[in-house]
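Here is a quick tour for anyone opening this one up for the first time. Have the viewer ready and follow along.

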Amino acid sequence: MSAAQIPSLVVENLTTRFGSDRDGATVVDGVSFVLTPGQTMALVGESGSGKSATALSLMRLIEPPGRIIAGRVLLDGRDLLTMPERGMEDVRGGQIGMVFQDPLTSLNPALTIGRQITETILAHRDITPAEAERQAIDLLVRVGVSDAARRIHDYPHHFSGGMRQRVLIASAISCAPAIIIADEPTTALDVTVQAKILRLLHDLQQEMHASMLLITHDLGVVAAMADTVMVMYAGRIVEQTDVDTLFHAPRHPYTKALLACVAGIEDDRSVPLQPISGMAPDLKDLPRGCRFAPRCPLVQDVCRTTDPALRAVSRSHSVACLLVQEETAVV
Amino acid sequence: MTAPDLHPHTDRPRPASVTPMSLQGGVPPAQRAWRLKSFARDRAALAAAIFLVVIAVAVVFAPVLSAYTPDEADNLARNAPMGTAGHLLGTDQQGRDMLARLLYGGRVSLIVGVVPTIVAGLIGLLLGVLAGFFRGLADQIIMRCLDVIFAFPMVLLAIAIAGAMRPGVLTEVIAITVVLIPYFARLARTATDGVMPMPFIEAARAAGGSSFTILTRYVLPNVFSPVVVYATTLMGLMIVVGSGLSFLGLGVQPPTADWGAMVADGRVVLRKAPHVTVLPGLLILVVSLAFNFIGDGIRDALDPRTIRR
């Protein structure tokens, strides 16, 4: 990794809210990050923490009553949030490819998979349908669909879950996007298939030197795939660092708690796993002060009154916790 | 084909008649051929289709097939039973040849059964899909206007519309079309509601699909087949409704008759000459049934999941 990489996507203070000003929930709250070519950034957090909403906000696919109320998403110096809808259609599938969670329902059952891939290509490239079909076959070969020339005429229900995810990946990368957003790409798949799909995503990303934003709640996937990690809690980024630091020197109590929930294969079975007590807060009724305070084992009085901002504790490590000091201090 | 030609999913040999699509040349014609084959493999639908084609051809070539005109009365042979010399299917109470009347009456009945259903189906499909796709104000305007039509009993409204115009086949067609639109629109609207939250719609947007692309490639194909099937089930019913309008003097005028009007006329001589009632009634029944079988066949042919490979 060269230090002076030009970022492919810069997200600043992205804020998305559902519902009205008075009665609503800010599901993505001031999220900022930078994607670098050839790098994978993982976005982890529990269900409802705003991971998918972040991805959909980037693509401007938030449907009413949700809306993006603040922030900038810069791609090639242009702000996606102020771009006209036509320009956005070019970005979606063109410069940003997205892979969804559920391959079983993310393909149109009424069209052959060849048609679905060529549709995407033809929407972005000025080529003939025959040429698009040839490219679709190449793409399917690339993602590991055997007998691709024949299988482009098959319908989605002729494919297994893993194969459908391969088809969706082929569609997502069909226009060689600079950025791949993968929203829990393996959640709906068998464990054995998961590893293959992740390997495929990783290889393709490296091949194309693309940035990847990998959304997951599986820390095993993070360890295997990511270069950098953001931990999301109740709509906010609470810790952001490189993958080694996250696993070996996490600073935020929530991150530590998350890691304590994971069973390792060499762990001592007599030590029980530590679930995180309590529930994620209701986004419509957030606690004052730190959002994690009600569940935090280290909570202090100050945590209940002051909302911590995301602060850098070292060059590549930011934490949103009042109890975390600069690098030298021990928590 | 190569020797061990196995089905890619089941590892069973392919049926001999089935050539892989990729070996048949270009995609769209091959796909169309595929659907036709799937339809043809449905025996009942195929038989029904052949039957309807025969009926349609017979009706079109009525003057060739019948020595009589439908209004020509043979006063010496009233209520003649079937098999009478010169009158294969007998005559009615005024001595008119039944075969001729059935053939000519079929023209009206088929037009009234098929045309309004197709026209209303297309209009209703369009309105319902637009309402379900755009929601909001467009939805409210379209669906509430259609609710006004929907609030009236179907036949009563058809009578009112037909009554406001000059009697005739065109009047019948227009009246039935108007009353059918809300039925189709509601069906299409509901089906669109079922499709819109599907992840593949969001995936299509994320792949850069415009509203038009999503509407035509993702929503319409998934809404089309229930509408087609519904249309075929309505065709038989509309033959009967059209007959009702004629019976009330709002559709075709005597002496021209469609099958429904023939049934109505025959009731007077039901005991003496049952064939006058039974023959057109039987035709209505069998034609309706044929439309239903075709509807099932079309549904199976349109739904990729039921393509038998």
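Let's start with a loop in chain A. A:D147 sits between α4 (129–142) and α5 (148–151) of chain A. This is a predicted model, by the way, so keep that in mind throughout. What stands out about A:D147 is its backbone: phi is positive, about 60°, although the residue is not a glycine.

B:R135 has a positive phi of about 50°, and it is not a glycine either. You'll find B:R135 in the loop between α4 (98–134) and α5 (136–150) of chain B. B:R135 has 14 other C-beta atoms within 10 Å, so it counts as partly exposed.

Back in chain A, two prolines are worth a click. The peptide bond that leads from A:P64 to A:P65 is cis, with omega near 10°. A:P65 belongs to the loop between α1 (51–58) and β4 (66–75) of chain A. The other proline, A:P37, lies in the loop between β2 and β3 (40–44) of chain A. A:P37 has 17 C-beta neighbours inside 10 Å, so it is partly exposed. In sequence, A:P37 and A:L9 are 28 residues apart, while their C-alpha atoms are 8.9 Å apart in space.

| Residue | Other C-beta atoms within 10 Å |
|---|---|
| B:R135 | 14 C-beta atoms |

Now for the strands of chain A. Four of them form an open sheet in the order β2-β1-β4-β5, with antiparallel pairing. Which strands are at the edges? They are β2 (24–35) and β5 (78–79) of chain A, each of which pairs on one side only. Two bridges link β4(A) with β5(A), and these two strands run antiparallel. In that pairing, A:L74 stands opposite A:D79 in β5(A).

Elsewhere in chain A, strand β6 (residues 96–99) runs parallel to strand β7 (residues 179–183), and four bridges join the two. One of the partners to look for is A:A182 in β7(A), which is the bridge partner of A:V99. In a regular strand, side chains alternate between the two faces of the sheet. In β6(A), both faces are covered: A:I96 and A:M98 are buried on one side, and A:G97 and A:V99 are buried on the other.

Chain B is built from helices. Its secondary structure comes to eleven helices and zero strands, so from the N terminus on the order reads α-α-α-α-α-α-α-α-α-α-α. Of the 309 residues in chain B, 40% are buried. Among contacts in chain B between residues at least 6 apart in sequence, 69% join residues at least 24 apart.

The axes of α4(B) and helix α7 (residues 169–195) of chain B come within 5 Å and cross at roughly 35°. That crossing is right-handed. By class, the residues in the contact of α4(B) with α7(B) are 23 nonpolar, seven polar and four charged.

Next, look at where the chains meet. The contact takes 29 residues from chain A and 24 residues from chain B. On the chain B side, α8 (199–206) and α9 (211–247) each supply at least two residues. The largest share of that side, six residues, comes from α8(B). By class, the side of chain B that touches chain A has 13 nonpolar, seven polar and four charged residues.

Finally, a word on confidence. The predictor gives the complex an ipTM of 0.81 and a pTM of 0.77. Chain B averages a pLDDT of 82, with 85% of the residues scoring at least 70. Over residues 1–27 of chain B, however, the pLDDT is below 50, and this stretch has 25 contacts in the model beyond near neighbours in sequence. Where pLDDT is low, the predicted coordinates should not be read in detail.

Notes:
Residues numbered from 1 in each chain as written. Chains lettered and ligands numbered in written order. Predicted model: local features only at pLDDT ≥ 70, side-chain atom pairs only at ≥ 80, totals over all residues. Buried ≥ 20, exposed ≤ 12 C-beta atoms within 10 Å, placed from the backbone. Contact = placed C-beta atoms within 7 Å. Nonpolar A, V, L, I, M, F, W, Y, C, P; charged D, E, K, R; others polar. Axes fitted to C-alpha atoms, helices over the stretch in contact; angles between N-to-C directions. Left-handed = near helix turned anticlockwise from the far one by under 90°. Pairing = 2+ DSSP bridges. pLDDT = per-residue confidence, 0-100.
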